[in-house]
Amino acid sequence: MLLNTPNILTLLRIALIPAFIVAYYWTSPWSHMLATGLFVLAALTDWLDGYLARKWEQTSPFGAFLDPVADKLMVAAALVMLVADPMVQRHVLNIYLFTVVVLVIVGREITVSALREWMSEVGKRSRVAVSYVGKIKTISQMVAIPFLLWQRSFWDLPIFRIGEILLYLAAALTLWSMLIYLKAAWPNLIAPRVP
C-alpha cells in the first residue's frame, strides 16, 4: 500500500521542510527555537517511520526510495541555511572549515546516492546498503544540527560550539562511510563493461 503510516510520516517530513525554512528566517525571538523544534520533529519522524515500517511489516519500494530523499533534503536545507547565516559565520571557529565541512557532507550524500543508483543498474545494490557507520553518521548529524540551529547557551552549556564540534565529527564519519561504500563498489567500478 502506497499511503501507509510510515510513508505518510515520510511525506510529513518533506512537508516540514518549507515550514522549517520559514521558521528559520522568521524575524522573531522564537524563530530559531521553532526551527530547531521542527528539525527535531522531522528527525523523530525519520526514526519513527523506519520503526513502524519494520514493526508493522509495511516496508515498500516507495518508502525505501522516499525516506533517504526526505532525510537528505532536510539536512541539506539546514546546512545551507546555517553556512549562509551571518551570525553562524561570526561564531564558528573558522568559516572556511565550516564551509568545507558542509560541502563534504552534502557532496557525500550526492556521491553515495549516485553510487547506489549505479549499483542498482548493475544489480549490485546490496553491496552499498546502509552501513553501521552510515547510521552513526546520520545520528551525529541529527544531533549536531539542532545544536547549531538553537544558537543560544542552555544551562551555561555552549550549545552552539558543541553542535559545531559534533558536525565536524559527523563530517569525519561522512567521509569514512563514503570510503566504505566506495570500497564495496570498487570491483564493479573498475570491471570492464560487458557488451
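Predicted model: local features only at pLDDT ≥ 70, side-chain atom pairs only at ≥ 80, totals over all residues.
Colleague: Is Tyr24 buried or exposed?
Modeller: Tyr24 is buried, because its relative accessibility is 3% and the cut-off for buried is under 20%.

Colleague: What about Trp47 and Tyr51, and why is that pair stacked?
Modeller: Their ring centres are 5.3 Å apart and the planes meet at 10°, so the pair is stacked; the cut-off for that class is under 30 degrees.

Colleague: Where do Trp47 and Tyr51 lie?
Modeller: Both belong to helix 2, residues 31-55. They are four residues apart, which is about one turn of the helix.

Colleague: Changing topic to the backbone: what is phi of Glu57?
Modeller: Phi of Glu57 is near 55°, a positive value in a residue other than glycine. For context, most residues other than glycine have a negative phi.

Colleague: Where is Glu57 found?
Modeller: Glu57 sits in the loop between helix 2 and helix 3 (61-84). Glu57 is exposed, with a relative accessibility of 71%.

Colleague: And what is phi of Asp156?
Modeller: Asp156, also a residue other than glycine, has a positive phi near 65°. The loop between helix 6 (132-150) and helix 7 (159-190) holds Asp156.

Colleague: Is Asp156 buried or exposed?
Modeller: Asp156 counts as exposed because its relative accessibility is 78%, and the cut-off is over 50%.

Technical notes
Residues numbered from 1 in each chain as written. Heavy atoms only, no water. Buried < 20%, exposed > 50% of the residue type's maximum accessible area, 1.4 Å probe, protein only. Phe/Tyr/Trp six-rings, centres within 6.5 Å; stacked < 30°, edge-to-face > 60°. Helix = DSSP H or I, 4+ residues; strand = E, 2+ residues; numbered from the N terminus.
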